[in-house]
Protein chains: 2
Amino acid sequence: MTRVGGRGGSPAAPRSVDVARLAGVSQKTVSRVFNGERYVSDEVRRRVLEAAEELGYRMNNAARALASGRSRTIGVVTLGTALYGPATLLIGVERAARDAGYALRVVNTLEGDPGGVAGAVESLLEQGVDGIVVSEPIDEGSVSLSVDVPVLVLGAPAVFGGSRTVAAGVGAEPLARAATEHLLDLGHVTVHHLAGPQGWFAARDRLGGWRAALSARGREQPPVIEGDWSAESGYAAGREFASAGDVTAVFAANDDMAIGLIRALTEAGLRVPGDVSVVGFDDVPVAAYVTPPLTTMRQPFDAVANDGIRLLVQAIEKPDAEPAPAHDPPVELVVRASTAPPPTRKTPARGRRTASGSSGSAHSPPGGDSRPPLTEPTVN
Amino acid sequence: MTRVGGRGGSPAAPRSVDVARLAGVSQKTVSRVFNGERYVSDEVRRRVLEAAEELGYRMNNAARALASGRSRTIGVVTLGTALYGPATLLIGVERAARDAGYALRVVNTLEGDPGGVAGAVESLLEQGVDGIVVSEPIDEGSVSLSVDVPVLVLGAPAVFGGSRTVAAGVGAEPLARAATEHLLDLGHVTVHHLAGPQGWFAARDRLGGWRAALSARGREQPPVIEGDWSAESGYAAGREFASAGDVTAVFAANDDMAIGLIRALTEAGLRVPGDVSVVGFDDVPVAAYVTPPLTTMRQPFDAVANDGIRLLVQAIEKPDAEPAPAHDPPVELVVRASTAPPPTRKTPARGRRTASGSSGSAHSPPGGDSRPPLTEPTVN
DNA sequence: CGCAGTCATGACAGCGCAGTCATACAGCTG
DNA sequence: CAGCTGTATGACTGCGCTGTCATGACTGCG
């Protein structure tokens, strides 16, 4: 454990004492400078910074964490998927955390891993994080973690035990409701739902919003098909909807499934939105450019991430302060070309394939698939 | 700094000495047990683990890192985008790192941030990482970092200074070449290219592969349009290609741009693949379900991540060992329905809009847009 | 002018581990 | 059975920083 270059390697990183010596001050003063503490004269501060620059000094965070008991690090538990929602949320969380002066540790929980969240949280605690973000958790039967740091749950109620749990982004239900209402407003008698995997709180919220919208108008609730968020599962569901024969409107729990769904409907000879209207969820970047451009519900991922991190950082730094409530995110329904009023006649030749592609435009509504994609969202 | 519960909080986390006391051994022995060292009797090991369990002991990583000089942490510098490629790569990196016993720290560099990578690397070094992964870097003019830990560069040559730099996943050029050749093999006289932003090495590789394929057959290289990876930019490019009037095949540098491109072509009255064939890149999950299902080049993200981390961990743990070369990733062209032979006649009425949607199927080739999507890749 | 209050700095201890070395004892060997 | 070697354990120390307290120098004010 001697210093100064093991085996001819680099000459050992400089420590704060080295800087102190060069600047002619005490080591503690160097620490003060680097922590931006008060009571350091400008002259000394300048000398210290100069010395540090000259030596290429970099603070050792392990030592800092050990001495102070705080790591200025937030741990994130996220699903190991490239799904647009979780990925976008993670980016927002990283930026918000960095702006607040925190670094990030990330652990993925593979879906289907039993006790995955608990294990991930455990490993983060071992790493000494000051707070934990659980992003879009899967319900594993109310994992009650007794954790001694604040926990932020994104996209789910604060189901994890402990008094120091905050939540953000639990507002998907109103969004789902608005999406469903958009279809009802167009005149559809009822709306089918292509749900996400019900282990996800996000999927349940959307299901709940859909139910709420139908109930509020006294409409029948058709059976739900459950997908797994993938376009592939949307395609499979689309084949079922197509053969059911009485579907005029579907609210899909995310855009990927909506895209698969539309493909299956189209292949079955149904036109979207001529015969069946489809609403997605998320507003993924390609949604405006698929055929037809997808009407979808934009999610305020950045706002959720910012709000959440703000709450979490407050819980870390001022544990006794009033937990300021999260903002209500805006409802942004982006109306494009996949939704239209229902067909006026009892649709003929449904469920059987017709010629590939569309031909005329018998009851083709406004908003066919040849409009340039809308990019401006409609804010309600 | 007294222990045992500040202000009525939780009663201070147990340390290894506490476990040692309870187990009737020395602190050092507890350390041995938790590090899986040799020379601990089974009896003692059992007692220690029992005691640790009883106290809920969790190792303090800051202390471990400080004492040992190693953090068992890898830092990742990644772009702050939800693009499929980077996001998927990050997931692969996380899993590979965890399998190798390393935790992850993640820092995003916002695109356009000058010196972003350098700053991000700096902050990671401050955090005391044992190695650094730079994922899909943007070229900022050969940032030569003098870093004293091994660096893995993913998706780019090992441009970053230092002898301890390894690289993986630099094989996109052959993939791009194969994608272009697929179009030439179909009989297209030449192939246009919708490039990615040329600051990205990944984008340059694809451009290079495209050029190589054309050169090898002595074909003309039409002017390149540069997009920004987004469907929106693909759409804009598509309008240009459509008005150019002589385009029969386009190789897009990623799937999102290909989707936007196809939309613009379709709106201009051109059929895909009847009039214009399009090949994408990445094989994003929705590629099989858009209209028409996209022929695209699958990228071996997982293999790249695994290979890379293996190299990096080796560079960390056995600095003197021979750096085993990365495997050559397989070329997986997934042929779906967006590519076909060129139109047989000098195409009439091109560049002007015809009726929306396609009508007949004059020279509609096999692989029209009504085939069920292929999901099995063709391995070359 | 003397004393409190502020500002600026340093001495010192200790955070919770892992590294080093010393020690103790068991089983062998010749 | 002296002299080994190999196994199992503990005492002690220090990683590089921050927290606490002590100490001066300087201000302002009665």
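Visitor: Which residues does A:R32 touch, not counting residues up to four places away in sequence?
Guide: This is a predicted model, so local features are taken up where pLDDT is at least 70. A:R32 has its place in helix α2 of chain A. With residues up to four places away in sequence left out, A:R32 touches A:E37, A:R38, A:Y39 and A:V40.

Visitor: Is A:R32 buried, partly exposed or exposed?
Guide: Buried means under 20% relative accessible area and exposed means over 50%, with partly exposed in between. The relative accessibility of A:R32 is 29%, so A:R32 counts as partly exposed.

Visitor: What distance separates the C-alpha atoms of A:R32 and A:R45?
Guide: Along the chain, A:R32 and A:R45 are 13 residues apart. The separation of their C-alpha atoms is 8.9 Å.

Visitor: How are α2(A) and α3(A) oriented to each other?
Guide: Helix α2 of chain A covers residues 27-34 and helix α3 of chain A covers residues 42-55; they pack with their axes 10 Å apart, at an angle of about 90 degrees. Angles of 65 to 115 degrees count as roughly perpendicular. Therefore α2(A) is, relative to α3(A), roughly perpendicular.

Visitor: How do the residues of the contact of α2(A) with α3(A) divide into nonpolar, polar and charged?
Guide: From α2(A) come A:T29, A:V30, A:V33 and A:F34, which meet A:V44, A:R45, A:V48, A:L49 and A:A52 in α3(A). By class, the residues of this contact are seven nonpolar, one polar and one charged.

Visitor: What share of the contacts in chain A between residues at least 6 apart in sequence join residues at least 24 apart?
Guide: Chain A has 11 helices and 12 strands. Of its 380 residues, 53% count as buried. Among contacts in chain A between residues at least 6 apart in sequence, the share joining residues at least 24 apart is 70%.

Visitor: How far apart are the C-alpha atoms of A:G116 and A:L79?
Guide: A:G116 lies in helix α6 of chain A, residues 116-126. A:G116 counts as buried because its relative accessibility is 6%. A:L79 is 37 residues from A:G116 along the chain, and their C-alpha atoms are separated by 9.7 Å.

Visitor: What relation holds between chain A and chain B?
Guide: Chain B is superposed on chain A by a rotation of 180 degrees with 0.1 Å of shift along its axis, at an RMSD of 0.1 Å. That is the relation of a two-fold axis.

Visitor: What percentage of the contact residues of chain B recur in chain A?
Guide: Both copies use the same surface.

Visitor: With which residues is B:G238 in contact, leaving aside its neighbours within four places in sequence?
Guide: Helix α9 of chain B, residues 231-244, holds B:G238. The relative accessible area of B:G238 is 0%, so this residue is buried. Leaving aside neighbours within four places in sequence, B:G238 is in contact with B:L261, B:A264 and B:L265.

Key. Residues are numbered from 1 along each chain as its sequence is written. Chains are lettered from A and ligands numbered from 1 in the order in which they are written. This is a predicted model: local features need pLDDT of at least 70, side-chain atom pairs count only at pLDDT 80 or more; totals for chains, interfaces and linings use all residues. Side-chain values use heavy atoms; hydrogens and water are left out. Copies are superposed by least squares on the C-alpha atoms of residues with pLDDT of at least 70 in both. Contact means heavy atoms within 4.5 Å. Axes are lines fitted to C-alpha atoms, for helices over the stretch in contact, and angles run from 0 to 180 degrees between N-to-C directions. Helices (H or I, at least four residues) and strands (E, at least two) are DSSP runs, numbered from the N terminus. Angles under 35 degrees count as roughly parallel, over 145 as roughly antiparallel, 65 to 115 as roughly perpendicular and the rest as oblique. Ala, Val, Leu, Ile, Met, Phe, Trp, Tyr, Cys and Pro count as nonpolar, Asp, Glu, Lys and Arg as charged, and the others, Gly among them, as polar. Buried means under 20% relative accessible area, exposed over 50%, partly exposed in between (1.4 Å probe, protein chains only).
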